[in-house]
Amino acid sequence: MASIDYIVKAGGPLQGTLKVAGDKSISHRAVILSALAEGQSVLTGLLEGEDVLGTVNAFRALGVAIEGPIAGRLVVNGVGLHGLKAPAGPLDLGNSGTSMRLLAGLLCAQDFATQLVGDESLMKRPMERVAGPLRLMGAVIKTGREGRPPLEIQGGQPLRGIRYALPVASAQVKSAILLAGLYAEGRTTVIEPAPSRDHTERMLQGFGYPVDQDKAAISVVGGKGPLTPGAWEVPADLSSAAFFLVAASVVPGSRLLLTRVGMNPTRTGVVAILRAMGARIEVENETVVSGEQVADLVVSASPLHGVVIPPALVPLAIDEFPAIFIAAACAQGTTILHGAEELRVKESDRLAVMARGLKALGVAVEEFPDGLAVTGSPLQGGVIDSGGDHRIAMAFAVAGLRAQGRVEVRDCRNVATSFPGFVEGAQAVGFDLRVMAS
Ligand code: S3P
């Protein structure tokens with residue numbers, strides 16, 4: 001398939017209003033729970049990115065009739081908790097770790113076998129973290145070499161509830177265990193070492209399934225269904241908005257309004273970190289939509305300074321570090337991150353790929369096993385390899401706005417996994433960004 005590169009040059013201030021793409025995490029869960037509900041659900045604001053389309057297509061292959069998406073609207077004719085059918089072949093989940101891990105939890109409880117595969121990046125990602133606890137529940141799952149995909153799920157096993165302390169804060173693993181727990185005998189409890197995004201817990205309750213939370217322990221009891229269908233609005237994705245929060249902060253004279261952005265408190269670490277660096281971000285029109293906090297964000301340019309990122313904020317900003325490192329490169333002084341070894345097992349090794357890219361632009365970076373220290377410096381032009389990672393591609397597009405020469409970001413095709421309208425949105429607010437097919 002042809003590769004896509006971005007060519008970015010520094011330019012004038014960024015101005016305007018933008019609604020970024022729908023929230024990826026919420027979109028996946030809305031599709032999954034609607035498919036398991038008894039009857040028709042209508043989802044609006046859905047992310048039409050490849051990752052979510054991967055989940056949609058997986059449920060079509062599992063026998064669920066789904067219409068759309070058209071302009072973010074998806075109609076899902078849920079089949080009930082026990083209505084899924086054996087797919088004709090392996091389910092290909094593309095680049096999407098969320099799809100593979102959440103579906104592993106759901107599919108190990110079905111009475112048929114499934115095989116889960118993905119693209120080159122997903123086939124390298126760790127899956128024992130999810131297979132291990134599901135086996136403790138009675139599931140039969142085989143992972144590939146070194147605990148990676150493909151996942152071979154046997155199905156047809158009775159599951160029993162477990163009490164499981166997560167070794168790392170992972171919403172994907174938590175969600176997989178809770179989804180399996182809907183089918184397990186008795187109570188399933190997941191104990192988190194630190195809070196991770198809680199969309200699954202909120203949405204299960206929104207679909208009428210009881211979830212209890214006692215401090216860090218989150219529980220479901222099997223067999224309490226059915227899930228009741230309904231209408232769900234997906235907010236704009238703060239993880240996608242993050243690139244614009246950084247861009248408007250670092251380009252002098254900028255001011256952007258980002259509308260209807262999800263502001264779930266388990267996701268807002270990026271706002272806290274950027275504000276601690278001196279960013280001017282105002283939160284307006286706060287409301288609650290489909291059980292999730294939503295607000296408009298107004299961001300204006302302001303001088304940034306380096307900070308030591310508090311470890312407690314790491315899981316609350318885990319997907320936003322590529323953008324935060326660009327803010328750090330444009331700040332005065334040094335920004336230090338530790339406690340983020342998880343970044344090495346995302347769509348790429350984000351610590352290594354970001355360090356390499358920042359160095360290529362002349363930024364002083366020190367790499368630790370679990371983080372980076374980034375010292376703000378004038379950015380030069382250069383050629384960056386995104387490593388096929390959507391968030392790294394978008395982060396370096398933002399870096400190009402402050403570089404003294406042109407920045408070429410290679411291998412940006414996967415931006416379509418999470419933010420299909422990124423280029424158009426960026427150009428509309430004033431990025432000097434061109435796309436080249438190579
Ligand atoms: C996600 C959880 C996080 C995050 C990912 C989406 C989710 O992954 O990085 O982009 O939707 O549950 P981990 O569970 O691996 O932390």
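Ala71 is found in the loop between E4 and strand E5 (73-79). In this predicted model, phi of Ala71 is near 45 degrees, which is a positive value in a residue other than glycine. Most residues other than glycine have a negative phi, and most peptide bonds are trans.

**Backbone geometry**

- Strand E4 covers residues 65-70 and contains Pro69.
- The peptide bond between Gly68 and Pro69 is cis, with omega at about 5 degrees.
- A cis peptide bond also links Pro149 to Pro150, and omega there is near 5 degrees.
- Pro150, in contrast to a residue within a strand, has its place in the loop between E8 and E9.

**The sheet with strands E6 to E9**

- Strands of a sheet pair through backbone hydrogen bonds, either parallel or antiparallel.
- An open sheet of 4 strands has the order E6-E7-E9-E8, and its pairing is mixed.
- Strand E6 (91-92) and strand E8 (141-142) are the edge strands; each has a single partner strand, so one side of each is left without a neighbour in the sheet.
- Strand E8 runs antiparallel to strand E9 (residues 151-153), and 2 bridges join them.
- Within this pair, Ile141 stands opposite Ile153 of E9.
- The loop that connects E8 and E9 is the place of Pro150, the residue reached by the cis peptide bond from Pro149.

**The sheet with strands E10 to E13**

- Another open sheet is formed by 4 strands in the order E10-E11-E13-E12, with mixed pairing.
- Strand E12 is joined by 3 bridges to strand E13 (residues 217-221), and the two run antiparallel.
- Gln213 has Ile218 in E13 as its bridge partner.

**Strand E1 and its partners**

- Strand E1 (residues 4-9) is joined to strand E23 (residues 432-437) by 6 bridges, and these strands run antiparallel.
- The bridge partner of Tyr6 in E23 is Val435.
- Strand E1 also runs antiparallel to strand E22 (residues 407-410), to which 3 bridges join it.
- On that side of the pairing, Val8 stands opposite Val407 in E22.

**The ligand and the residues around it**

- The residues around the ligand are Ser25, Arg29, Thr98, Arg101, Ala169, Ser170, Ala171, Gln172, Arg197, Ile318, Asp319 and Lys346.
- How many residues of the shell are nonpolar, polar and charged? The shell divides into 3 nonpolar, 4 polar and 5 charged residues.
- Helix H1 (24-36), helix H3 (97-107) and helix H5 (171-181) each contribute at least two residues to the shell around the ligand.
- Domain 1 (4-22 + 235-437) and domain 2 (24-233) each provide at least three residues of the shell.

**Polar contacts and burial of the ligand**

- Ser170 places a polar side-chain atom 2.6 Å from an oxygen atom of the ligand.
- Lys346 likewise has a polar side-chain atom 2.7 Å from an oxygen atom of the ligand.
- For Ala171, a backbone N or O atom lies 3.1 Å from an oxygen atom of the ligand.
- The ligand taken alone exposes 380 Å², of which the protein buries 96%.

Note on methods:
Residues are numbered from 1 along each chain as its sequence is written. This is a predicted model: local features need pLDDT of at least 70, side-chain atom pairs count only at pLDDT 80 or more; totals for chains, interfaces and linings use all residues. Side-chain values use heavy atoms; hydrogens and water are left out. A residue is near a molecule or strand if one of its heavy atoms lies within 4 Å of it. A polar contact is a pair of N or O atoms within 3.5 Å; within protein, one must be able to donate a hydrogen and the other to accept it, and residues adjacent in sequence count only if both atoms are side-chain atoms. Accessible areas come from the Shrake-Rupley method with a 1.4 Å probe; for residues, only the protein chains shown count as cover. Ala, Val, Leu, Ile, Met, Phe, Trp, Tyr, Cys and Pro count as nonpolar, Asp, Glu, Lys and Arg as charged, and the others, Gly among them, as polar. Domain bounds come from an automatic or database domain assignment. Two strands pair if DSSP finds at least two bridges between them.
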